[in-house]
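Welcome! Here is a short briefing on how the parts of this structure meet.

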Amino acid sequence: MTFLNYAPAPESTAILDLRPSYGLFIDGAFVDGHGAPLTTISPATEKPIAEIATADAHDVDLAVAAARRAYDTTWSRMSGADRGKYLFRIARLVQERARELAVAESLDNGKPIKETRDVDVPLVAAWFFYYAGWADKLDYAGLGPSPRSLGVAAQVIPWNFPLLMLAWKIAPALAAGNTVVLKSAESTPLTALLFAEILQQAELPDGVVNILSGAGDTGSLLVNHDDVDKVAFTGSTKVGREIARSTAGTGKKLTLELGGKGANIVFDDAPIDQAIEGIVTGIFFNQGQVCCAGSRLLVQENVHDEVVERLKERLRTLRVGDPLDKNTDVGAINSAAQLKRITELSAVGEDEGADRWSPECALPDAGFWFAPTIFTNVSTSHRIARDEIFGPVLSVLTFRTPDEAITKANNSPYGLSAGIWTDKGSRILAVADKLRAGVVWANTFNRFDPASPFGGYKESGYGREGGRHGLAAYLAPSRADATVRSTVPAVARTQAEPMAAPEPVVETTNEDTK
Amino acid sequence: MTIDTASAERAVAPAARAIEVVGGDLTEKSLRRYLEGIPGVDAVGLETRASALGTRSIKTTSKAWALDRIIELIDLTTLEGSDTPGKVRSLVAKALVPDAADPSTPRVAAVCVYGDMVPYAVEALGSAHAAGSHTGIQVAAVATAFPSGRASLAVKLADTKDAVAAGADEIDMVIDRGAFLSGRYGEVFDEIVAVKAACERDNGTFAHLKVILETGELNTYDNVRRASWLAILAGGDFIKTSTGKVSPAATLPTTLSMLEVVRDWHRLTGEKIGVKPAGGIRSSKDAIKHLVTVAETVGEDWLTPELFRFGASSLLNDVLLQRQKLRTGAYSGPAYVTVD
C-alpha cells in the first residue's frame, strides 16, 4: 500500500439536524418568504441540501421595519454592558455548536472541513468575543466620548466565507448598538440560517438581527431601502460600484470590501520552505476564492526557478477532493458559474502565452472542481496578472530589485492585500511602507485576527472591518462632539500612520479614502 | 582586535561529501561561509506547517499500517546509569517479541544501549542480530562521551572503537555543542569525520553513524538546520535530534526542519540521509504525526528502518495498546503489555 493515500477520514454529517426547508428570519422568527424559493446544493456533489425561502420587496420592508423597531425600542436603549452579554452568549454558542457549523459550512460551500473547523468557525467565535468586549468601551473607539450608533445596518455578504463574513458584519454592528438586516449569498444561505437558530437560543431580542436569503436583486432592494442608515457590502467590485452609485447622496454610511489581486513578494533571502508554504496558503486556501488571496506571485529573478520547482513539488502533496474528508486540502469550487469563470480566465492565460501547470490529481465526476494551477512566464500585461480569477490559479511573475517589486505590486487597480517574504526585518518595513494595500503580511499570508483591521485601497473598497477601526464603520461621534473629525487633516493622519486604516470619515463616496 | 586569519584558514578534514559540495580547499572559513549561506528558517512558519501536518487524520487501514511500521522503525532504548546486563537482556527480549499475545507483531529496528552493554545485547540477540545485514535487529551504541560529549577526542574515538569492536552495528555520536555554539564549525566537522573513521570495522566495512545534534541545546531552528548540514557534509548517515537527556528533545517542527535538509541534500546529490527523532515521542499519535511529516516532506521512501528511526523506550507499549485496540475494538490497559 502507499501510506500517502490516506484511508478516507470523513467527518460525519450526523451532527447536522437540517430541516428540509428554511424560511426568512425576521423579527426573531422564521417566516415564509415571498420570493421564488431556491434550492441550495452541495458544490462537491451537486446534491440538494435544503429549500430556502427568498425575500421579495415586501419581505425586505418587513425585515427593515423589524430592525427599526428593535433599534428604537430595545437595542439602542440597552447599555453597552448588556449588549456585550448577548454577544458573549452568541460567541459561546458558536463554540458549542462549532462542529455542526463547520460541517454545514463545508457541505454548503465546498471548502474543506479542516478549514471550516480550524479557521472559519473559530474566527467567527473570536469575532464575537472580540466585539463583545468593545460593547461597553465605545468611548475608547477613537470617536470621542459617547459615540452614537447609526441605526439600521443593511449588510450583504459573499459566498466565500459565509459564516465568517456574517460575523465580520454582525459583531461590530451589534456591539456599536445598531440593528441588522443581513442578506446571505445566493449559493450559501445555510449557515446564516443555523446562526439564526443560535440567535434564538441566545434569546437576542426580536428584530435586532434579521436574516434574508436571496440573489442580487434582494440585496439591491435591501441596500436601497429608504429606512436603512448604513450599508456594508463584501463582494465584487462591479456590484460595489453599483452600490456606491445608488447610495451616493442618500446619507447612508457605506463600507465596501471588494476584489483584490494580491501580490505575494518573495525576496531571494526569504526563508524558502516557509515561503513555499505561504505561497500555497496565499492562493490555495479556500480554493483561492479569497478576496485577499496572494494570486500574483512576485519572485526575485535569481531564485525564480528554485521557488517554482519547490512549489510544484509541494503542490503534488495537496489533496483535492471530498470537502468533508479531514485530510482534504483543496475542496470544491463554490458554483458552476464560478468554475466557468476560473476555467475561462485560465484558458485566456494559455492563449496569452503563459505556461500552465497543474499537479496530477483525479477530480471527482460530479460537482465543481478545478485542479490547483500555476502559470509561469506571466507578464504584467496578461489578463491573469490583472483580473481577479477568484480560484486556485497562481500567476508567477519576476522582479529584479525591491523598487521593481513595489512598482509591480502596486500596478493593479486593486489594493487589498500583499505579502513580503524576506529574512531581513528592515526590508519588511521599508517595502510594506510603499505597498498600496490595506493588509500587508510579512512572512505569513491569509492570517486573520479580530483585533486587526482589514480593508482595501483603490478598487478594493473602503472602510475597515476588524479591530477598533471596524467599529468606526458603525458609529458616529456624539452630536455635541461632531467637530472632532475635522481637527486633524486627513492627509496628516495617513502620513503618520501609513499602515493603519482610515479614521472614520463619512464614507459615502467611492473615492479612495487614502 | 585582530582578525584571527590563521584559524579561519585552518584546513578541515577532507570529507568527500564536503569537498564535492563546498569545494576542494576545505577550511574553517569556507565551511562557515557555506553554512551561513543556507536560507534561514522562519520559526512561526515552520511551527505552523508542523502543526498542520499534525492534523492529518490517519484512520482504519492507514492507521494499521502506520502502527506496524512505527514498531519496525523503533530503536528500543535503555540509556540509564543503572543499566545492567539483565536489563539489556530484558530489553532485547522485548525487541524480539514486542507483544507475546500477538505473534504477528513486527520486531523493532534496533536496540540502543551504552557502549559497555553492547556485548550483552549482541549475545542476547544471538541469531536475530543483524550483524551488518539489513535483516534482523541492529545493535546501536551511544558513544563519544554521550550525552554531554565533554571529553577529549581521544576518549571519544576510543569509546567509538570499543563499541564497534564489541559488535555494534550503529554508532549514535553526539556533536560538540560547545564548539558549535561558539562558531568553531571546523572542530565539530573534524570530530564527526574522525568518529566516522573510527566506525570502520576490521573487514573495511563501517558501522552506521548517527549524529546527534542535541537540538534542545542548539535552541534555534537556524542552528538546527546549520548543524544538520554540517553533520551530513562530514559524513553522517543519519541525523538525530537528541540524546533524550535534554528537554526539549524531539519536537515535530525540529524533525520537520531536519527532514527538509535531508530532502534538499537528496535534491542536490541524490543521496539519502536518515533522520532519527529521539526522546519525547511517547504516544502512537505523536509517532503517526512524524510518519505523516516524513511522507509529505521527503516522501514515503523514507519510511524504512534504513532512513527513519524513532529513538524511544515507552512509545512501543503505546503502539502495542493501539494495535490491540484495532484488532479487538476495545482498549485494554497497561497491564496487557509487558514492561521491559
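The points below go from the conventions to the two contacts.

This is a predicted model, in which local features need pLDDT of at least 70, side-chain atom pairs count only at pLDDT 80 or more, and totals for chains, interfaces and linings use all residues. Residues are numbered from 1 along each chain as its sequence is written, chains are lettered from A and ligands numbered from 1 in the order in which they are written, and side-chain values use heavy atoms, with hydrogens and water left out.

**Two domains in chain A**

- Chain A is split into domain 1 (53–257) and domain 2 (263–442), with bounds that come from an automatic or database domain assignment.
- The C-alpha centres of domain 1 and domain 2 of chain A are 30 Å apart.
- Domain 1 of chain A brings 20 residues to the contact and domain 2 of chain A brings 21, where contact means heavy atoms within 4.5 Å.
- About 1,600 Å² is buried between domain 1 and domain 2 of chain A, 58% of it on carbon and sulfur atoms; buried area is the accessible area (1.4 Å probe) that two parts lose on being put together, summed over both.
- One salt bridge is counted between domain 1 and domain 2 of chain A, the term meaning a side-chain nitrogen of Lys or Arg within 4 Å of a carboxyl oxygen of Asp or Glu.

**Chain B against chain A**

- Here 29 residues of chain B meet 30 residues of chain A.
- Chain B and chain A bury about 2,500 Å² between them, with 48% of that on carbon and sulfur atoms.
- Arg56(B), Arg267(B) and Glu300(B) supply 23% of the area that chain B buries against chain A, more than any other three residues.
- Seven salt bridges are found across the interface of chain B and chain A.

**Asp329(A) and its salt bridges**

- Asp329(A) forms a salt bridge with Lys114(A), at 2.5 Å from N to O.
- Asp329(A) also forms a salt bridge with Arg56(B), where the closest N and O atoms are 2.9 Å apart.

**What chain B presents to chain A**

- Helices H4 (43–53), H5 (60–72), H13 (252–269) and H14 (284–297) of chain B each give two or more residues to the side that touches chain A; helices are DSSP runs (H or I, at least four residues), numbered from the N terminus.
- H5(B) gives the largest share of that side, five residues.
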